[in-house]
Amino acid sequence: MIEPTAHPPAARAATGITGLDDILGGGLTPNRLYLVEGVPGSGKTTLAMQFLLEGARRGEPVLYVTLSESLDELRGVADSHGWDLSGVTVRELVPSEDSLRPDDQYTMFHPSEVELGETTRLILADVDKLKPTRVAFDSLSELRLLSGNALRYRRQILALKQFFAGRRSTVVLLDDLTSSLHDTQVQSVAHGVVMLEQLNPDYGAERRRLRVVKFRGSNYRGGFHDYVIRRGGLDVFPRLVASEHRPPPQMERLASGIGEIDALLGGGIERGTSTLIVGAAGTGKSSLAVQFVAAAAARGQRSALFVFDESTNTLLSRAAGLGIDLRGHVEAGRVAIQQVDPAELSPGEFTHAIRRAVEHDGAAVVVIDSLNGYLNAMPGEGFLIVHLHELLTYLGQAGVATVLVSAHHGLIGTQMQAPVDATYLADSVVLMRYFESRGAVRQAVSVIKKRGGAHERTIREFKMENGRIRVGEPLKEFRGVLTGVAVLEGADGTGGGSSGARP
């Protein structure tokens, strides 16, 4: 990948796929030959069709040369996406049923000696007649077989490249990688190469990603980018690069609406920072996160919740039980809730949904509940940390207050651990714990970290009762709360008795 070069918008041929154009810096350089590689089912034909339809929409003559699929099959693909192919000229070069008759079998000549020349003649005749600005070949596997050997195949590709370069055509060659020996000859000849991959995880739907292998003379966004195939075509989610988003920071402080929580946090959470709420299951992590969302909505600010671990209806009902009218804010459009299925949503698509909430909907608060579910959507813990770092950096630069929820393994004690340690990434860390006291299980909340600001270092009792969240005064009469078994201090400052049911 080379250093960025300036290209005016008119110098690029848009592919008709917004995300791919973003990755390519605006689209393809016109009048060049490109290669799109991918296994069957990865979406090569769909990509080529979108490229041609974009040209037809702009009033350009376009040509689709199919060497493997029939016209009826292509129309079926178009119908499934709701496309009208009336602006696309299709040249069908699929062998007819007559070629199966014994009288039409070649005996003195190898098929490649006859069929390649005929195929090439038909293609060139169509080009001279139509003068297309965009051409797609589907697929190179047939052309490779017709060539007979590697030398003739390479010469044929070079001849096509020179032919189209002189006729101001942008050409996309599709290769389904069905050859037993995958060579890179066409990659060396092509001006640009896009690789489509289809992954099959052990559980859940297949996932697809693309990578720009080569793009001569142009800057592009490297790495893998997730994409999906929906009705309407490919939807590509460019990899998030936080350094590309650097607006002026907004350090507005957002209060939770609960005075004691705000006191613990030194006044609340700031826009442009991230807050991690961590603790055992049932300690009130999600409820506290929802409290920040409701407080922001009451001020007229928008929020987005991405929920991995519970349904939207459960979340709304639970919030209502605590006196939080989250449903009303959702209906008013101030709060958006998206239930995420890790088995169906790729990390790139998830990031795209967050970017849309921030850039399109203007969300000031983003909640990810929880990192445990987020981890299941990632291929490994190491990738999660890198991905999360880039996401939090982007959200910080966008002036968003991010709230992350993470559940510990276990319920009580000193050996509790989170599945992934994100405490060093977050600007603030809120710890929620159970502790035993006088034969009862109680809950505590404390702030153990806050970058760039003072905060209260006490431990307070946290309750969810009587239809509201209640936070008590600092637990000064106890020690050992964070161990799970608190000890009640005596009047003289010594341990005056155990709060647990111990002899």
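**The cavity and the sheet around it**

Mentor: Searching the whole structure gives 2 cavities of 30 Å³ or more. A cavity here is a set of points, on a 1 Å grid over the protein atoms alone, where a 1.4 Å probe fits but cannot get out. Grid points are joined across faces, edges and corners, and a volume is the space filled by probe spheres set on the points. The model is predicted, so some limits apply: local features need pLDDT of at least 70, side-chain atom pairs count only at pLDDT 80 or more, and totals for chains, interfaces and linings use all residues. Residues are numbered from 1 along each chain as its sequence is written, and side-chain values use heavy atoms, with hydrogens and water left out.

The largest cavity holds about 110 Å³ of space. Its lining consists of 15 residues, and those nearest the centre are Leu24, Leu28, Tyr34, Val36 and Val194. A lining residue has an atom within 4 Å of a point. At least two lining residues come from each of β1, α2 (44-57), β6 (192-199) and β7 (207-215). The element names follow DSSP runs numbered from the N terminus: helices are H or I with at least four residues, and strands are E with at least two.

Strands β1, β6 and β7 also belong to an open sheet of 9 strands with mixed pairing, in the order β3-β2-β4-β5-β1-β6-β7-β8-β9. Strands pair if DSSP finds at least two bridges between them. β3 (88-92) and β9 (233-237) are the edge strands, each pairing on one side only. From one strand to the next the twist averages 25 degrees; axes are lines fitted to C-alpha atoms, and angles run from 0 to 180 degrees between N-to-C directions.

β1 (residues 33-38) and β5 run in the parallel sense over 5 bridges, with Leu33 having Val171 of β5 as its bridge partner. β4 (residues 134-138) likewise pairs with β5 (residues 170-175) in the parallel sense, over 5 bridges. Here Val135 stands opposite Val171, and Asp138 stands opposite Leu174.

How many residues of β5 are buried? The count is 6 of the 6, so β5 is largely enclosed by the rest of the structure. Buried means under 20% relative accessible area, exposed over 50%, and partly exposed in between, with a 1.4 Å probe and protein chains only. In a regular strand the side chains alternate between the two faces of the sheet. In β5, Thr170, Val172 and Leu174 point one way, while Val171, Leu173 and Asp175 point the other way; all are buried.

A second open sheet has 9 strands with mixed pairing, ordered β14-β13-β15-β16-β12-β17-β18-β19-β20. Its edges are β14 (335-339) and β20 (468-474), each with a single partner strand, so one side of each is left without a neighbour in the sheet. Within this second sheet, β17 (residues 428-437) and β18 (residues 440-450) pair in the antiparallel sense over 10 bridges, and Arg433 stands opposite Ala444 in β18.

Definitions and conventions
1 Å grid on protein atoms, 1.4 Å probe; cavity = no way out; pocket = protein on both sides within 12 Å on 5 of 7 lines; lining within 4 Å.
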